[in-house]
Amino acid sequence: MTAHEEAPDTSAAGREASGVPAPAAAGSGAGANAAAEQPDRSRRGISAWALGGGTEPDARFTLANERTFLAWIRTSLAMVAGGIAVEAFTSELFTPEVRKTVAVLLLLLGLVTGGGSFFRWLNVERAMRREAPLPLPLIAPILAVGGALVAAVLIVFVIWRPA
Amino acid sequence: MHNDPGLQPERTDLAWRRTALTLVTAACIFLRWMPHYGWFVGTLVAASLLVALGIAVTQRRRYHRAASGIGTGAVTASVRSTAAIAGSVVVLAALGIYTVLYLPLQH
């Protein structure tokens, strides 16, 4: 997966070249269209409540935000699967304390980034609807620090392990 | 000339399907726990597979929604889909932590 695949094309040139109207122009007209062809009332209710007003952004931005969210979800699922793998496959390599520490750290990392990715997605969607600057991702430093922590535990174990 | 907007729903569709496949992979790794922790892990395997199946079953509708949204210029973000997947990951991770910390090992 490449970085540009997840990123929306925000340039005016890209917008004009593809013939999609700018978000400001799409505003009320596109919003009315989306409402007209959305028969699922309950979802509209939940979405309207969670997204909190504003105007519909360009469809490509909404879809790009969704793909970025899914990339975060897969990252957190990889952490969860990694935590399970450490607990299941490393009983001959690690002492039980190290094994459980690394497994729980990875599972916690998966839990926090998985839950956080939803709020990240929601905040980005809200910002786009208000045409505000995109918020910084809090889950990125969490993932970085958590990954470093797991590596630190393993380094300490490799240095101190009984030969 | 390829028109990029037309491929957006397809890319998003593939992202959802990759996510479903990742859930199947997680379920397979959960299976390795079963000899050590017993039937409780079976519920984790079933839950992961159910979420993956849920994505697969609703994917056609999600794709058509995105495709028609590209046509009109706007898609209303589906809070329910994202909340359901993120919630599932949180629950799976929490059950995993519970298993590692509190379930007795069987030999």
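Helices (H or I, at least four residues) and strands (E, at least two) are DSSP runs, numbered from the N terminus. The model is predicted: local features need pLDDT of at least 70, side-chain atom pairs count only at pLDDT 80 or more, and totals for chains, interfaces and linings use all residues. Residues are numbered from 1 along each chain as its sequence is written, and chains are lettered from A and ligands numbered from 1 in the order in which they are written.

**Exercise 1.** State how many helices and strands chain A has, and give its pattern.

*Solution.* Start with the count. Chain A has 7 helices and 0 strands. Now read along the sequence. The pattern is α-α-α-α-α-α-α.

**Exercise 2.** Work out how H5(A) and H6(A) are oriented to each other.

*Solution.* Take the angle between N-to-C directions, which runs from 0 to 180 degrees, with axes as lines fitted to C-alpha atoms over the stretch in contact. For H5(A) and H6(A) the angle is about 170 degrees, and the axes are 7 Å apart. Next, apply the classes: under 35 degrees is roughly parallel, over 145 roughly antiparallel, 65 to 115 roughly perpendicular and the rest oblique. H5(A) and H6(A) are therefore roughly antiparallel.

**Exercise 3.** Check the span of H6(A) against its number of residues.

*Solution.* The expected span is 1.5 Å times one less than the number of residues. H6(A) has 34 residues, so it should span 50 Å. Its end C-alpha atoms are 49 Å apart, which agrees.

**Exercise 4.** Describe the side of chain A that touches chain B.

*Solution.* Two residues are in contact if their C-beta atoms, placed from the backbone, lie within 7 Å. By that rule, 50 residues of chain A are in contact with 45 residues of chain B. Helices H3 (23–36), H4 (41–51), H5 (59–89) and H6 (96–129) of chain A each supply at least two residues of this side. H5(A) gives the largest share, 19 residues.

**Exercise 5.** Locate Glu131(A), describe its phi, and decide whether Glu131(A) is buried or exposed.

*Solution.* Glu131(A) sits in the loop between H6 and helix H7 (139–160) of chain A. Its phi is near 55 degrees, a positive value in a residue other than glycine. Most residues other than glycine have a negative phi. Now count neighbours. A residue is buried if 20 or more other C-beta atoms, placed from the backbone, lie within 10 Å of its own, exposed if 12 or fewer, and partly exposed in between. Glu131(A) has 12 C-beta neighbours inside 10 Å, so it counts as exposed.
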